[in-house]
Amino acid sequence: MDKKAVFDNVLQTLAAQRDRFGLWLPLPFAFGIMLYFGVDFEPPVWIAASLFGFSFLLMLSQRHRQIPFYFCLIAFLFSAGFAASQFRTWQVDAPMLARETRGITIEGQVGEVDALPKALRVIINNPVLVSGYMRPDQALPESVRVKLKNKDTAQPAAGDSVRLRSVLLPLSAPVAPAAFDFQRHAFYLGLGATGYAIGDIEIISKADHGNFFENMRHAIRRKIDENMADKTIAAIATAFLIGETKAIPEATWDVIRASGIAHLLAISGFHITVITGFFFFSLRALLALSPYVALRWPIKKISAAISMVAAVLYLQLIGSPIPAERAVIMACVVMFAIMIDRDPFSLRLVAFAALVVLAFRPEALMGPSFQMSFAAVIALIAFYEAAAPRLQQRNEQSEGMPHNLARYLWFYLLACLLTT
């Protein structure tokens with residue numbers, strides 16, 4: 001096949017995908033991110049800036065020519081993904097501990113508190129060395145994560161000023177090629193070291209207010225612990241409500257994984273759908289109780305707007321994990337589509353959510369959470385988009401109530417099986 005035939009095939013493929021071109025936009029953006037994380041050195045800033053600027057100007061120059069414009073748009077998105085990754089790295093760049101320290105005493109402010117099966121784990125922001133020795137060539141990171149002693153009875157909360165004697169460790173590298181990279185994961189979380197306490201934590205001063213959502217998580221966790229005698233069940237309940245799974249014992253995790261329900265403990269689409277749907281349908285039902293309001297106000301759109309706010313607040317409460325971010329973005333787009341009287345259920349939702357997540361957190365592309373979450377949603381929506389016309393045609397055939405009910409139940413069970 002000669003070059004002209006290959007080029008013609010490419011043009012025909014692009015023309016065939018013209019109406020669905022928007023679905024492909026996240027791909028070149030993701031490839032730009034992959035290139036950035038694939039190189040083993042930090043590229044100079046001018047490379048990303050030059051590629052981004054040149055491709056943008058080239059795209060503008062070809063805006064009146066459809067096929068060349070598509071190629072220029074792909075190049076622009078590729079360079080934008082590369083530039084977004086480099087900008088995100090610059091944004092979170094902070095010192096990282098290079099060597100293990102001996103026992104040192106640090107002071108700082110509590111950023112987060114995690115409950116483990118036998119102890120608490122705290123993130124201390126802006127730690128200051130009080131006593132102990134550190135090498136002159138290394139400095140304390142801006143944030144460190146320290147596991148407290150098992151018998152420590154203190155209950156620190158977000159915003160508290162604390163003093164703690166601990167051993168700090170550098171972030172661990174992957175245990176095997178292509179394995180989970182904890183260093184990269186912690187770096188983009190803003191952590192520069194981990195460690196463990198060798199003394200009880202001392203609360204110097206309690207926070208006046210602290211982080212609202214972190215304090216609320218702490219209050220929910222404490223309330224569950226106080227009202228459930230079985231700590232394992234309490235840990236599972238906490239995971240269902242606010243996504244904190246670290247307190248679940250490893251033996252229980254093995255049972256959960258073996259039963260195939262581990263994904264239910266990860267806050268994602270199911271949880272966000274429940275929260276958003278609860279607010280949407282409940283508020284709409286309450287507003288419909290008043291004939292004056294129901295006949296004069298757009299109660300469906302009001303309920304959708306309030307549901308969007310509820311979804312965003314819940315996302316902040318659970319700490320904004322990647323699957324939940326994707327689900328909240330999609331839920332908000334659905335509710336916005338309801339507000340403007342549009343049909344929101346399509347793959348464009350997924351493409352838009354992917355672009356937004358990757359633009360603000362490009363490092364998410366390299367993690368299994370992003371990959372599995374979007375792969376599952378794309379597969380589900382693509383399948384039902386393809387199967388919908390046939391299912392709709394079969395459902396429109398009326399053959400009597402018993403037969404229609406049996407056919408509905410059959411299709412419902414079949415859909416559940418295929419979804420699973």
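Which residues have the most contacts inside the largest nonpolar core? They are Phe29, Leu358 and Phe370. The model is predicted: local features need pLDDT of at least 70 and side-chain atom pairs count only at pLDDT 80 or more, while totals for chains, interfaces and linings use all residues. Residues are numbered from 1 along each chain as its sequence is written, and side-chain values use heavy atoms, with hydrogens and water left out.

**View 1. The largest nonpolar core.** This core has 40 residues. A nonpolar core is a set of buried Ala, Val, Leu, Ile, Met, Phe, Trp, Tyr and Cys residues joined through side-chain atoms within 4.5 Å; buried means under 20% relative accessible area, exposed over 50%, and partly exposed in between (1.4 Å probe, protein chains only). Two or more residues each come from α2 (26–38), α3 (45–61), α4 (66–92), α5 (182–189), α12 (322–339), α13 (347–360) and α14 (368–395). The largest contribution, ten residues, is that of α4. Helices (H or I, at least four residues) and strands (E, at least two) are DSSP runs, numbered from the N terminus.

**View 2. Surroundings of Phe370.** Beyond its neighbours within four places in sequence, Phe370 is in contact (heavy atoms within 4.5 Å) with Ile322, Ala354, Val357, Leu358, Ala364 and Leu365. Another core, of 28 residues, lies apart from the largest one and has Leu97, Leu168, Ala239 and Leu265 among its members.

**View 3. Helix α9.** Helix α9 (residues 269–288) has 20 residues, which at 1.5 Å a residue should span 28 Å; the end C-alpha atoms are 28 Å apart, in agreement. The expected span is 1.5 Å times one less than the number of residues. Gly269, His271, Ile272, Thr276, Gly277 and Phe280 are buried in α9. The buried residues of this helix pack against α7 (231–242), α11 (299–317) and α12.

View 4. A salt bridge is a side-chain nitrogen of Lys or Arg within 4 Å of a carboxyl oxygen of Asp or Glu, and the structure holds 14. Asp200 pairs with Lys149 at 3.8 Å, N to O. Asp200 lies in the loop between β5 (193–197) and β6 (202–205) and Lys149 in the loop between β3 (143–147) and β4 (161–169), so parts 51 residues apart in sequence are tied together. A salt bridge of 3.0 Å, N to O, joins Arg163 and Glu202; Arg163 is in strand β4 and Glu202 in strand β6, 39 residues apart.

View 5. The closest N and O atoms of Arg257 and Asp254 are 3.3 Å apart. The two are three residues apart in helix α8 (residues 250–259), and therefore separated by about one helical turn.
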